[in-house]
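Reader: I am new to reading protein models. Could you walk me through one, feature by feature?

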Amino acid sequence: MGHEHDCAHPLLRVEELGEAPQAVRLLGEDWVVWRDGQGQARAARDQCPHRGARLSLGRVCAGQLECPYHGWRFDGDGRCVAIPAVPGFTPPASHGLAVRPLTAFAGLWWLLPTDAALPPAFAAEHEPRLRKLTVGPFDVATSAPRVVENFLDMAHFGFVHEGWLGERSHGEVPPYQVDVTPDGLHAHGCRAWQPRSNLQSTEGSWVDYAYRVPAPYTAVLEKAPDAQQGWREGIALFICPRDEEHSRAWFRLAVPDWDSSDEQVAAFQHTIFAQDQPVLESQRPRRLPLSGEVHSAADRMSSAYRRWLRERGVGFGVLP
């Protein structure tokens with residue numbers, strides 16, 4: 001692992017965090033997430049400093065996280081405020097937890113690095129004329145970079161998503177441009193033939209796309225701006241790298257569809273990812289090879305992504 005610790009990471013959907021503590025796994029480590037007395041989401045390592053029990057098996061009492069083993073309680077700042085077996089004892093700072101606040105963005109709770117970097121940019125999130133919906137989570141038995149690379153890949157549309165996002169008879173990927181910018185990677189001039197690019201599609205057409213990778217485990221797809229409205233609908237892929245070979249992914253949709261139900265919109269995304277998942281989980285090695293696999297001209301974006309990861313020192317890759 002490398003600079004992935006410097007990134008903001010999504011942990012769970014906002015609505016998943018209720019009264020009970022939640023267990024999450026990030027970068028090979030277990031975390032507990034709960035709401036403190038002010039309703040602020042907090043995160044700490046899922047291990048009591050007393051005897052190592054998992055705090056996520058406990059409960060939250062008046063905003064204090066209670067260990068399931070001996071009932072030690074911790075406030076939102078991580079201070080140990082109660083040891084029931086020794087009621088007159090004032091616990092020192094060494095008995096507390098290292099707590100991190102979480103930030104809500106795009107329907108998810110995010111754990112930020114210590115320098116408080118913001119979650120990755122998603123411009124469509126701030127367009128009021130587009131409907132926002134978070135779909136997932138999807139648990140995938142492969143590394144986060146494999147999932148990102150699949151999202152960036154247009155050449156698989158006619159085979160994995162035949163009849164939905166592509167057709168075998170329109171398998172060509174026209175040339176496109178990839179730029180490395182201070183904000184990450186940007187692929188533009190992308191075109192794909194799609195018989196059904198969204199829930200409302202009734203006939204095939206060429207669709208103009210732009211892809212962005214603003215962070216190692218985030219990718220954004222934007223469609224060409226609407227000629228009359230001026231907005232770009234988009235899909236963001238946000239991934240929590242659970243460990244080197246397991247990921248949890250969500251899709252944040254920003255679409256002009258205000259008529260379909262949430263269930264209908266989500267069902268389309270579930271259908272598409274259900275086609276991707278078995279192929280993703282079949283790939284070996286599960287960690288993205290930073291060299292060793294062969295490429296074609298249609299792989300400009302994924303090749304650039306691999307170089308970008310290597311230059312950033314991001315882990316979860318297999319080196320020669």
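Reader: Let's start with Gly158: is Gly158 buried or exposed?

Author: In this predicted model, a residue counts as buried when its relative accessible area is under 20%. Gly158 has a relative accessible area of 6%, so Gly158 is buried. You will find Gly158 in helix α2, which covers residues 157-160.

Reader: Which residues does Gly158 touch, leaving out those up to four places away in sequence?

Author: Gly158 touches Gly166, Glu167 and Arg168. For a look across the model, take Arg306, 148 residues from Gly158 along the chain. The C-alpha atoms of Gly158 and Arg306 are separated by 24 Å.

Reader: How should I think about a helix in general?

Author: An α-helix has 3.6 residues a turn, so residues three or four places apart point the same way. Now go to helix α1, residues 144-152.

Reader: How many of the residues of α1 are buried?

Author: The count is 9 of 9, which makes α1 mostly covered. Among these buried residues are Ala144, Val147 and Val148, and also Arg146 and Glu149.

Reader: Next, strands. What holds them together in a sheet?

Author: Strands of a sheet pair through backbone hydrogen bonds, either parallel or antiparallel. Here, β9 and β10 (residues 108-111) pair in the antiparallel sense over 4 bridges. Look for Ala104, which stands opposite Trp109 in β10. These two strands form a hairpin with 2 residues between them, and there Ala106 takes a positive phi near 55°. Strand β9 (residues 100-105) is also joined to β4 (residues 41-45) by 2 bridges, again antiparallel. On that side, Arg42 has Pro101 as its bridge partner.

Reader: What is the strand order in the open sheet of 4 strands?

Author: The order is β5-β6-β7-β8, with antiparallel pairing. At the edges stand β5 (59-61) and β8 (80-82), each with a single partner strand, so one side of each is left without a neighbour in the sheet. Strand β7 (residues 73-74) is joined to β8 by 2 bridges.

Reader: Let's zoom out. How many helices and strands does the protein chain have?

Author: The secondary structure comes to 4 helices and 19 strands. The radius of gyration is 22 Å, close to the 20 Å that the globule rule gives for 320 residues, so the chain is as compact as a globular protein of that length. Along its principal axes, the C-alpha trace spans about 75 × 50 × 35 Å.

Reader: What percentage of the residues of the chain count as buried?

Author: Of the 320 residues, 50% count as buried. As for contacts with a separation of 6 or more, 59% are accounted for by residues 24 or more positions apart.

Key
Residues numbered from 1 in each chain as written. Predicted model: local features only at pLDDT ≥ 70, side-chain atom pairs only at ≥ 80, totals over all residues. Heavy atoms only, no water. Rg over C-alpha atoms; globule rule 2.2 N^0.38 Å. Buried < 20%, exposed > 50% of the residue type's maximum accessible area, 1.4 Å probe, protein only. Contact = heavy atoms within 4.5 Å. Pairing = 2+ DSSP bridges.
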